[in-house]
Amino acid sequence: MPTTTAGRYAVLFTSQFAAVGVLLPFIPPLMAAAGLSPGEVATILAIGGAVRLVSGPLGGRIADALGQPRGVMAAGAAIAGGAAMLYGVAGSFAGLLAANLVFAIAFACVVPLGDAMALRAARAEGWDYGRVRAVGSAAFIVAAGVAGWLAEGAGAASVAWLLAGALLAAAVAALRLPPGEAPARRGGGALRAVLALPEFRRVLAISALIQGSHAAYYAFGSIHWERAGVAPSVIGMLWAWSVVVEVALFAWGRPLADRAGARGLALAAAAAGLLRWGITAESVALPALVVAQALHAATFGAMHLATMRVMQRAIPAQVAGTAQTLLAAGIGAVMMAATLAAGWGYQAIGAGVFWGMAGMCAVGACILASRRTLSS
């Protein structure tokens, strides 16, 4: 285990995002392989999203109230690891719904609390959050590739055990973080205090649109490509490639981010989303998919960096856990609605549903262009 603070956060991000690298590309195909329709897959994912709207901020509020985000984060990761095992044995709509509900309740606060603690530590000690976060993105790449190989060789359900292992490792990594929690917040009103911050409300609105535009991709990207004849191992590599470029931005993009500022990064994300989802809607040719996936550096990475710049500057330490989980819940609310719409849309018009995701980016771009929504 590394002894530096940045090194320990790198281990935390490695395990957390290895789990996400299995979860996003391969749990929807696991559900489809169990015989669920696109509408049923979307319903399960959307219900999980609805649950996270409550469980995420609640976990953040508990962490802030106790002044113990490490413990809350570790407990959530461990319980989510147990739920991941249920994915591997459940073979019906009811079983997969139950597994996803437990997972959603437990995992909702895990990544936001890690971000909140890392941002505070980076600000206090002067290390580069983006470069450390890039290690987690690299772990996503490896995990997506391994999960694709595993699914192709041993069946879709096998990835559940890889997901469980990564989450249990994340629980251990959370407990090994150095002390440095913010003082416990006494009294109520943390949610109101966060929502009263104008900069938080602005970044939440923009982030929800741009990050929410990934809904159809997260729910049906792998399913769509698999039905078009793309091998699971290639799908895993496409997901991995999307994060290779994200890693490059996180690791070496700080000078660019400093020049662009939060607003410039968000505008780049919106513009890239228009192009990315248009390509995804119109082509399954491998060269086109490689280009579309490269744009993930902007649609996710640039928007994430823009959001974290605002959160690091504008959020008091005593409500950082509440703010990060509330941000995740707001994005999740839009993601939930977009996932439900994507499920109905994919059944009706197939890949045309990705044009709806492009429309969300267009709305975000119009808001950003109309006034100085985000400061640097």
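# Close-up views of a predicted model

**View A. Surroundings of Tyr9 in the nonpolar core.** Once its neighbours within four places in sequence are left aside, Tyr9 is in contact with Gly114, Met117, Ala118, Ala121, Trp127, Val132 and Leu177. The model shown here and in the other views is a predicted one. Tyr9 is also named, together with Tyr87, Phe103, Leu163, Phe200 and Met311, among the residues with the most contacts inside the largest nonpolar core, a set of 126 residues. The element that gives the most to this core is helix H1, spanning residues 5-33, from which 14 residues are drawn.

**View B. The stacked rings of Phe220 and Tyr346.** The aromatic pairs of the model come to a count of 13. In the pair of Phe220 and Tyr346, the ring centres are 5.1 Å apart and the planes meet at 10°, so this pair is classed as stacked.

View C. Trp277 is part of helix H12 (residues 254-282) whereas Phe354 is part of helix H16 (residues 353-370), so that the pair ties together parts of the chain lying 77 residues apart in sequence. Trp277 has a relative accessibility of 0% and so counts as buried; for Phe354 the relative accessibility is likewise 0%, and this residue too counts as buried. Trp277 and Phe354 form one aromatic cluster with Phe140, Tyr217, Tyr218, Trp225 and Trp239.

**View D. Glu246 and Arg133.** Glu246, which lies in helix H11 (residues 232-252), is buried, its relative accessible area being 4%. Not counting residues up to four places away in sequence, Glu246 touches Arg133, Ser137, His296, Ala297, Phe300 and Gly301. Arg133, one of these contacts of Glu246, also lies over the face of Phe17, at a distance of 3.8 Å from the ring centre.

View E. A disulfide is a covalent bond between the sulfur atoms of two cysteines. In this model the count of disulfides comes to zero. Cys361 is in no disulfide, and the nearest cysteine sulfur, which belongs to Cys366, is 11 Å away. Cys361 is buried, with a relative accessible area of 0%, and Cys109 is buried as well, with a relative accessible area of 5%.

**View F. Arg313 and Leu119.** Arg313 is located in helix H14, which covers residues 296-314. At a relative accessibility of 40%, Arg313 counts as partly exposed. Between Arg313 and Leu119 there are 9.6 Å in space, taken from C-alpha to C-alpha, although the two residues are 194 residues apart in sequence.

Key. Residues are numbered from 1 along each chain as its sequence is written. This is a predicted model: local features need pLDDT of at least 70, side-chain atom pairs count only at pLDDT 80 or more; totals for chains, interfaces and linings use all residues. Side-chain values use heavy atoms; hydrogens and water are left out. A nonpolar core is a set of buried Ala, Val, Leu, Ile, Met, Phe, Trp, Tyr and Cys residues joined through side-chain atoms within 4.5 Å. Buried means under 20% relative accessible area, exposed over 50%, partly exposed in between (1.4 Å probe, protein chains only). Helices (H or I, at least four residues) and strands (E, at least two) are DSSP runs, numbered from the N terminus. Contact means heavy atoms within 4.5 Å. Rings of Phe, Tyr and Trp (its six-membered ring) pair if their centres lie within 6.5 Å; planes under 30 degrees apart count as stacked, over 60 as edge-to-face and the rest as tilted. A charge sits over a ring if NZ of Lys or CZ of Arg is within 6 Å of the ring centre and within 35 degrees of the ring normal. A disulfide is a pair of cysteine sulfur atoms within 2.5 Å.
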